[in-house]
Amino acid sequence: MNVQLISPLEPSDPFLAELARLESRLPATEPPWLRAVRRRALARFGERGFPGRRDEDWKYTDVSTIAERPLRVALPGVGPLGTGAAGIEAGRIEAGEWRYAGLECVELVFVNGHCVSTSADINYFYDRGALPERTTLAPLAAMLSNAPPMLRSSIQRMADAPPDAFAALNAAFTADGAYLAVPDGVALDVPVHLVFLSAPGDGPVASFPRIYIHLGKEARASVIESYIGMDAQENLTCAVTEIIAAAGARCDHYRVQREHPRSYHVGRLSVSQARDSEVTSFSIACGARLSRQDIAVRLEGEGASVALHGLYVGEGRRHVDHHTRIDHLLPHTNSEEHYKGVLDGRSRGVFNGTVVVHPDAQKSEAHQSNHNLLLSGEAEIDTKPELQIHADDVICSHGASVGRLDPDALFYLCSRGIEAPVARAILTQAFIDEVLARLPIAALRLGLARDLGSAETSAELLSALI
Amino acid sequence: MLAVHDLEVRIAGKPILKGIDLEVGSGEVHAIMGPNASGKSTLAHVLAGREGYEVTAGGVTFDGEDLLALSPEERAHRGVFLAFQYPVAIPGVNNAYFLKAALNAGRKYRGLAELDAIEFLNLVKEKLKLVHLDEALLKRAVNEGFSGGEKKRNEVFQMAVLEPRLAILDETDSGLDIDALKLVAEGVNRLRDGQRSFVVVTHYQRLLSYVVPDRVHVLSGGRIVRSGGRELALDLDAHGYDWVKVAAA
């Protein structure tokens, strides 16, 4: 790998100064290699800068509002227990307003990217048996001084070959996040819920959490990442998650983005899958002023399969962008992808789903769909399926649609006495519920249905009685 | 109850109804018969408030109120119900949830307390028996994957739950085999209580053997060309529509 050590950033560059400010607050136990990695990542960022419209992958998503404002990195220790203007009152952390009713889980809470759960909090889950003994769940910051080789190489890889500018920034500025390693043959009985609260600082701050999930052979785990805006206007969250699934492992990953309507959110999920592993991802985006989610999956072992499900909800002037890329590298690999979007007001959605079936990936199957519902004349969607097939014995399909509420269905509902706005809501919810219905965790499904004002909850409760 | 006077309706500028007069009293059953494209379904849709129809003359009152000025849901609240010729499948909308929303919207309008889930289920389970539908239907999406017969019975079932004052059946008999037709007719007959009125739109006489009308009107070329008692339906069955077209000419 070409490791260029010369930084094109001027020594006076504000990003370098910001890095120095961050590092002055980090523990002295941070190893020298990590400090070097941060500078290399910043150099990579400096080479490219923020993406512009000329960049095909960012053609529809203008990040100049992020690029033009000063970057102020959220520092550790300025959490709910800290003093000053920053943070959230401890009471709100205790109350846990983000929790899904009835969801039994292992919870780690972060404020502006830094973990506020203590080792005692985590030990509680080990003591109860919710976390098996040989499984490691820890704040990333606690893992860095003596990083396992896999984690170290992952961090170095993201810094030296960042897939985009935001990944480079994350590699440069990340100081915390979550580390989960599940050994061979171990299954977690309850999901791990990583809660990222975006809190007001003494001005908008940027947080860069990094999540590393490693599942050994035949290991199983479910991980929920929730990104919640708490009165935090104009914060930036730039998160990177990596999932490495060894042979026969199974990971269900849920990402719920409910940032403050005036904030910015850029997230990346990078997945590598070995033989016969199964990964399911749900990406729900219903917050932020501007959000971008990138998912890159590499099916690197025969029989590996992935399912990507997504739902984005736009209102007001929200911009919500999903870019996914699935690489089928070996035979008998399967992927399916189903994204739906509901766009109201003057919101704009972007969906770009790339599937690459490489020459060696014979007998593979890839299916993709993206369906969009426009509720207003001013809402917009750009949907682009991109299938690149370099093998001849494969089954691939894709379908995209953009539509409005069915006037016949609306008339049918209204003719039964249902008020027109309610009828529109019922039909919109039905569109959304199709995605929610695929969520295997009932508490999460009901919680999201409630958050999205969906009919699912009442319909499900009614069904339970019949 | 329902008074249609000199109603003229166009679709995309084309005249479809050319002056309809119809009076339906409380508890009466009126059959509207006629050949294809005579305007029968247009009349049914205009009464229920479907968009896309331009009323160019005349009007409709329901208990003295201008029906055409009301939205479809307002008409439903007043007690107008349309059993669709082609009930719309609505994927993802649970039948029970939909019907509970509809029933409670009507109750709210009438100032009645909304039914909770248990009260609602007790009510609908009774009504399902009326049309011999299985409770499993409640869990399914509205009309999705329903057979033709199930769709029509579902319409009558909804009518039974919503208890309209005026029910308009738009070719509810079309596409039904004789057994399904009898089930639908039985359901309708059990809703006849001397107060509730019906407008039965049909092409064929056979439904009227089971749902016996007080009056029969023949619609042809956008006009009612003949009205009479139930024997008119039998004459039509025996002689076909050409007979009235000639008679009207």
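Colleague: How far apart are the centres of domain 1 of chain A and domain 2 of chain A, taken over C-alpha atoms?

Modeller: The centres of domain 1 of chain A and domain 2 of chain A, taken over C-alpha atoms, are separated by 26 Å. In contact (heavy atoms within 4.5 Å), domain 1 of chain A contributes 25 residues and domain 2 of chain A contributes 19 residues. The domains themselves span 72-404 for domain 1 and 405-466 for domain 2 of chain A, with bounds from an automatic or database domain assignment.

Some conventions apply throughout. The model is predicted, so that local features need pLDDT of at least 70 and side-chain atom pairs count only at pLDDT 80 or more, whereas totals for chains, interfaces and linings use all residues. Residues are numbered from 1 along each chain as its sequence is written, chains are lettered from A and ligands numbered from 1 in the order in which they are written, and side-chain values use heavy atoms, with hydrogens and water left out.

Between domain 1 and domain 2 of chain A, about 1,900 Å² is buried, 79% of it given by carbon and sulfur atoms; buried area is the accessible area (1.4 Å probe) that two parts lose on being put together, summed over both. Two salt bridges are counted between these domains, a salt bridge being a side-chain nitrogen of Lys or Arg within 4 Å of a carboxyl oxygen of Asp or Glu. A:E434 pairs with A:K340 in a salt bridge whose closest N and O atoms are 2.1 Å apart. On the side of domain 1 of chain A that touches domain 2 of chain A, two or more residues come from each of β10 (250-258), β12 (278-285), β14 (305-314), β16 (334-343) and β18 (365-374) of chain A. Helices (H or I, at least four residues) and strands (E, at least two) are DSSP runs, numbered from the N terminus. That side of domain 1 of chain A comprises 15 nonpolar, seven polar and three charged residues. Ala, Val, Leu, Ile, Met, Phe, Trp, Tyr, Cys and Pro count as nonpolar, Asp, Glu, Lys and Arg as charged, and the others, Gly among them, as polar.

Chain A also meets chain B. Here 24 residues of chain A are in contact with 37 residues of chain B, and about 2,600 Å² is buried between the chains, 73% of it on carbon and sulfur atoms. Two salt bridges cross the interface of chain A and chain B; B:R50 and A:D408 form a salt bridge at 2.6 Å, N to O. Ten residue pairs, both at pLDDT 80 or more, are in polar contact across the interface of chain A and chain B. At least two residues of the side of chain A that touches chain B come from each of α9 (407-415), α10 (420-436) and α12 (456-465) of chain A. The largest share of that side, seven residues, is supplied by α9(A). By class, that side of chain A has 15 nonpolar, five polar and four charged residues.

Notes:
Polar contact = N/O pair within 3.5 Å; in protein donor to acceptor, adjacent residues only side chain to side chain.
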